[in-house]
Amino acid sequence: MATRALIGYLDDNRVLTSTYNHYDGYPDHLGKILDTYYSRNKRARDVANKGYISYFEDDGDIVSKNPEKKPYKLNLNDGGWEDALYSIAKEIDSFGADYGYIWYEDDGDWVEIKNTGTQSMIDQLANQLASAATMYGPVDENKDQDMKKENIDYKLDPYDDKEEVEGMIIKLVVGKRGVSKDVAKSFIDTHYEDIIKMSGTDDILDEFDEFFSVNYETGADYMEEENIGVDLSDAAAGDSAIEKESASGAFEEAVNWRGETLKEQFKRLSK
């Protein structure tokens with residue numbers, strides 16, 4: 001079965017030159033081949049200009065059934081850095097690639113991107129090609145630090161590096177939803193196997209929202225103190241729960257942070 005890959009070279013003119021690799025594109029083969037035999041700037045540029053590669057021999061030699069194929073050129077001069085990240089992610093996906101390997105000439109190193117969805121690849125690219133952002137002007141260091149806190153490093157092994165992955169997820173959930181670390185840890189403990197299969201941070205946050213709505217009735221009781229009363233991003237997902245009177249006014253019924261009664265929660269989750 002083919003494990004397709006994109007092999008790309010990003011230059012200072014904001015052009016990504018790419019070749020298609022058909023077989024054995026997984027990191028244990030192609031990743032090691034590139035690191036071993038194509039880890040100099042000229043070699044990296046040359047391999048990205050091949051256009052079409054069937055597979056690499058173990059000694060780094062290239063086998064191509066379509067040697068006349070021209071390389072792909074992606075102009076990244078329209079828009080800013082965020083637009084460039086999106087375009088690169090879409091290019092990897094358009095190849096039908098399971099992995100993307102990109103060499104940025106000013107870094108002098110291969111970065112490995114796993115295709116687990118467009119947003120996931122954007123996050124990986126933002127982390128691993130951070131120095132290339134300077135091609136689009138000065139980098140806002142505060143914004144860059146915030147992005148690093150919220151992103152997940154998908155190069156980490158979810159089992160061997162579990163402690164580090166959990167720490168990143170806790171930072172993401174606490175930062176975006178304003179809940180305590182204990183609540184974020186409870187979410188991870190019960191959903192870890194699902195989380196590591198998700199395609200990006202948006203999916204993780206959606207899963208957390210569902211977890212929180214089902215398990216916690218009064219949101220303010222579980223928020224970090226400094227976030228109570230603060231309208232957070234993403235529709236104020238960490239907002240404190242409210243209570244509203246029943247139609248009769250004889251009693252008050254507890255609702256979750258969405259403002260749903262238990263009956264309304266059940267109807268939504270049963271659809």
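Leaving aside its neighbours within four places in sequence, which residues is L76 in contact with?

## Contacts of L76

L76 is in contact (heavy atoms within 4.5 Å) with L10, R14, L16, A84, S87, I88 and Y136, its neighbours within four places in sequence being left aside.

## Basis of the model

This is a predicted model, in which local features need pLDDT of at least 70 and side-chain atom pairs count only at pLDDT 80 or more, while totals for chains, interfaces and linings use all residues. Residues are numbered from 1 along each chain as its sequence is written, and side-chain values use heavy atoms, with hydrogens and water left out.

## The chain as a whole

The chain contains 10 helices and 10 strands; these are DSSP runs numbered from the N terminus, helices being H or I of at least four residues and strands E of at least two. Of its 271 residues, 42% are buried, that is, under 20% relative accessible area with a 1.4 Å probe, protein chains only.

## Nonpolar cores

A nonpolar core is a set of buried Ala, Val, Leu, Ile, Met, Phe, Trp, Tyr and Cys residues joined through side-chain atoms within 4.5 Å. The largest has 28 residues, and L10, L76, W81, I92, I102, L125 and L129 have the most contacts inside it. Elements giving two or more residues to this core are β1, β2, α3 (81-94), β7 (99-104), β8 (109-114) and α4 (118-128). The most comes from α3, with six residues. A second, separate core of 22 residues includes V173, I195, I204 and F208.

## The surroundings of D11

D11 lies in the loop between β1 (5-10) and β2 (15-21). D11 is buried, its relative accessible area being 16%. Not counting residues up to four places away in sequence, D11 touches E105 and M135.

How values were computed
Buried < 20%, exposed > 50% of the residue type's maximum accessible area, 1.4 Å probe, protein only.
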